[in-house]
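Me: Could you walk me through this one? I'd like the overall layout before any details.

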Protein chains: 2
Amino acid sequence: MQPKAVILYSSGLDSSTCLAMAIRDGFAPYAISFAYGQRHGHELQVAKANAKRLGAVEHLVVEFDLRMMGGSALTADIDVPKEGVGNEIPVTYVPARNTIFLSFALGWAETLGASDIYIGVNALDYSGYPDCRPEYIAAFETMANLATKAGVEGGGGFHIHTPLIAMTKAEIIKAGVALGVDYGLTHSCYDPTPEGLSCGRCDSCRLRLKGFSEAGLSDPLPYAD
Amino acid sequence: MQPKAVILYSSGLDSSTCLAMAIRDGFAPYAISFAYGQRHGHELQVAKANAKRLGAVEHLVVEFDLRMMGGSALTADIDVPKEGVGNEIPVTYVPARNTIFLSFALGWAETLGASDIYIGVNALDYSGYPDCRPEYIAAFETMANLATKAGVEGGGGFHIHTPLIAMTKAEIIKAGVALGVDYGLTHSCYDPTPEGLSCGRCDSCRLRLKGFSEAGLSDPLPYAD
């Protein structure tokens, strides 16, 4: 039987490419998304519509509300910055977000009998979030193998795959295109219009557009301006 | 100003004692509980009723549903064992539960500006869960300090306190009584009656009753039989 892998899937460019890479690596992909009260809830509609079109065997949406904790422009009433990508950890940082996401992925993986988790973090063209760095991922993997019945009793334990971690956005896009990813089925914007058009100016849009530009490709998504 | 600490609080004997210990240690305690679809949802009613009576400054209940993942007698349709505490990891183990709980506690702590998290895990009189062991807690702390803005930019980083980890249940109860904990305001049973009476036969009740017996005290809670 084909081994299973859990893929953290937000409908974004990175996680959609990750899903294609898990398939390339021989796994049956189980996509997990999170409804956490993000202002860009549009990404969940895109995720629900497209997870299986991108090849997911199952798509699980876990719901909780990080707004009650506040502390981020993505979940609290703070404006999303549009001035370009800076050098400091920006206000769009959500406290412990990837840790919460990976913890649910770990629980689902253990239940499914999967040993492999894919997360599309990237330490090059990124927003400076601490929970996107390789040393963080390595520490999560160590912790996961001490936390779980499967990690303690199992064979090789859990492995957190980060195939994008050392790639530029342009390289990710070129790799995804080679794997047949339709980037028209993805969504990256932190602050889309009510109709779901990308703003083109938030960090996430800027990084995406720069990636397509550097890859010499055009983004199939429509933008507001 | 008094430093804040986040306390994982289930209304149980251990976490209620932990809350009292955080107060003893000079912290303003912020209690966090989880509505995760557990069959013993009664514990949440007890938690909501008693968190502030036990001294919590705030009480946050985070809601999500682990039932969609299944895999445990506490969340799926598997019977809670009543034959006594065994030597293997029991079916009441919930995949990645403490990791999910600690991840939310970490996010809330960072938002509150707290560096301290208390969790009432115990490696002596316990059910054999891997995520109750000191090596797991140490790995989580290491990961937490790589995951967060506060961990990366802050001073001493996060500290996960496990004041009960090397105590017997009897020692925990005696320490709690010395700190003034009213154990009539706590709840431990995995499978209470519809009226909220403890079953007296699940692992959690057995460990609790054994603890009171060894402490030479009587449990103020009513039992079904």
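Reply: Chain A has 7 helices and 5 strands, taken as DSSP runs numbered from the N terminus (helices H or I of at least four residues, strands E of at least two). This is a predicted model, in which local features need pLDDT of at least 70, side-chain atom pairs count only at pLDDT 80 or more, and totals for chains, interfaces and linings use all residues. Residues are numbered from 1 along each chain as its sequence is written, while chains are lettered from A and ligands numbered from 1 in the order in which they are written.

Me: In what order do the elements of chain A run from the N terminus on?
Reply: They run β-α-β-α-β-α-β-α-α-β-α-α.

Me: Switching topic, how is chain B related to chain A?
Reply: Chain B is superposed on chain A by a rotation of 180 degrees with 0.0 Å of shift along its axis, at an RMSD of 0.0 Å, fitted by least squares on the C-alpha atoms of residues with pLDDT of at least 70 in both. The two copies are therefore related as by a two-fold rotation axis.

Me: Which C-alpha of chain B is nearest the axis?
Reply: That of B:F64, which is 2.6 Å from the axis.

Me: And how do α1 and α6 of chain B pack?
Reply: Helix α1 (residues 13–24) of chain B packs against helix α6 (residues 169–178) of chain B at an angle of about 40 degrees, with the axes 10 Å apart; axes are lines fitted to C-alpha atoms, for helices over the stretch in contact, and angles run from 0 to 180 degrees between N-to-C directions.
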